[in-house]
Each structure stands twice: as structure tokens, then as C-alpha cells.
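Thanks, everyone. I would like to take a few minutes on how the two parts of one chain meet.

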Amino acid sequence: LVVVDAMHKANYASRICHSCRPNCEAKVTAVDGQYQIGIYSVRPIVYGEEVTFDYNSVTESKEEYEASVCLCGSQVCRGSFLNLTGEGAFQKVLKECHGILNRHQLMLEACELNCVSEEDYIELSKAGLGSCLLSGLPDWLVAYAARLVRFIHFERTKLPQVILTHNLEEKRKYFTDICMDTEKNEAEIQAEGVFNQRI
């Protein structure tokens with residue numbers, strides 16, 4: 001898990017607020033071998049409109065979730081700038097489908113082939129892992145990274161349902177009124193957050 005703290009080194013972007021319906025998104029990219037966070041608009045932004053993005057942060061603590069009040073005022077506001085998830089919800093697909101033997105198998109396949117396919121480079125490029133990060137690495141390691149990226153994409157397709165099921169079980173302990181559309185949307189957002197963290 002990577003956490004960015006703008007306390008000691010930051011620019012204007014550190015002042016961008018959270019919104020549950022943002023007009024921008026944050027994407028991690030690599031420039032000249034260093035990670036950078038870019039803020040990209042997801043729709044036209046009108047003059048005078050505040051620039052916002054979804055912090056996509058998660059917590060397993062109900063107290064922390066309730067204390068992190070969101071004031072974005074959008075119609076789909078979650079009420080908190082944190083997403084509430086129970087312990088282990090984000091790890092379930094990883095534990096079931098990508099255990100130690102699976103990881104070793106992927107590494108051994110990459111070592112045995114010891115070459116990088118065009119498809120591997122395309123997968124890595126889509127994930128933001130371009131030549132500035134990969135140059136000079138042995139072929140087996142680049143091929144292994146491509147296999148890991150494929151698993152992360154697979155996990156992204158399975159995780160929303162796992163998170164939704166888990167969140168519903170947790171929230172029914174504390175809340176009586178639950179909107180399924182909102183819960184599905186939150187599960188998608190959380191799955192996307194896990195995807196970005198994995199990459």
C-alpha cells in the first residue's frame with residue numbers, strides 16, 4: 001500500500017479536495033524512472049468550478065469511517081471520504097487465486113521462457129509500466145511483471161462482487177437502510193482503488 005503525504009513536499013495538487021462525484025482522477029505514472037501522480041479531468045470543468053478527485057482511501061475501522069465526514073454535497077455522496085471495508089475483503093481473491101504456489105508458477109514460467117512478448121509490453125504499458133521503469137531489467141523479470149499485471153486485471157473483475165458481499169454483511173450489523181445501487185457503486189470504487197494500489 002502506497003500512501004502519499006503532502007506534508008513535507010507538495011504542490012498545488014495537495015490542496016485538491018475529495019468528492020464522491022469528482023471532475024478529475026489521480027493516476028500514478030512513471031516519468032524518467034520516478035513515480036509521479038498526475039491529475040486528469042474526467043469531464044469538462046466549467047470556469048470557477050472546484051477541481052476535485054476521489055481520494056479512494058479505505059479503512060477497516062467503523063470509528064475512523066464515521067469520523068471522516070465528506071462535505072462534497074454530490075447526490076451520490078457516501079457521507080465519508082473513506083470507504084469502509086471489513087478485514088480481509090481486499091485480500092480474498094488474492095488469497096484464493098494467487099497463493100505462494102501460483103506466484104512461484106508464474107515466476108518459473110517467466111524464467112523458463114526468458115523472453116518478453118509484444119503482448120507483455122502492451123499489458124505493461126497499459127498499466128503505466130513503460131520503458132523508463134523496465135529498461136535494463138532481465139527479460140524474465142519483465143515477463144514476470146506482465147504476468148502479475150494480468151492477474152491484477154483478473155482480480156479487478158472479481159473483486160467488486162467480493163467487496164459488495166463483505167460490505168453488506170458488515171454494514172447490516174450497523175445500518176438498517178442500505179441502498180444497493182450505492183453499495184454496488186462503492187464496491188466498484190473500492191475495487192478500482194485496490195487495482196491502482198496493486199499496480
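What follows is a short account of the interface between the domains.

This is a predicted model, where local features need pLDDT of at least 70 and side-chain atom pairs count only at pLDDT 80 or more, while totals for chains, interfaces and linings use all residues. Residues are numbered from 1 along each chain as its sequence is written, and side-chain values use heavy atoms, with hydrogens and water left out.

The protein chain is assigned domain 1 (1–85) and domain 2 (86–198); such bounds come from an automatic or database domain assignment. Their C-alpha centres, those of domain 1 and domain 2, are 21 Å apart.

How many residues are in contact? From domain 1 there are 17, and they touch 19 residues of domain 2, with contact taken as heavy atoms within 4.5 Å. About 1,700 Å² is buried between domain 1 and domain 2, and carbon and sulfur atoms give 58% of that area. Buried area here is the accessible area (1.4 Å probe) that two parts lose on being put together, summed over both.

Now the charged pairs. Between domain 1 and domain 2 the count is one salt bridge, meaning a side-chain nitrogen of Lys or Arg within 4 Å of a carboxyl oxygen of Asp or Glu. Lys 27 and Glu 192 form a salt bridge through their side chains, at 3.9 Å, N to O.

On the side of domain 1 that touches domain 2, strand 2 (24–31), helix 1 (62–67) and strand 6 (82–84) are the elements that give two or more residues. Strand 2 gives the most, three residues. Helices (H or I, at least four residues) and strands (E, at least two) are DSSP runs, numbered from the N terminus.
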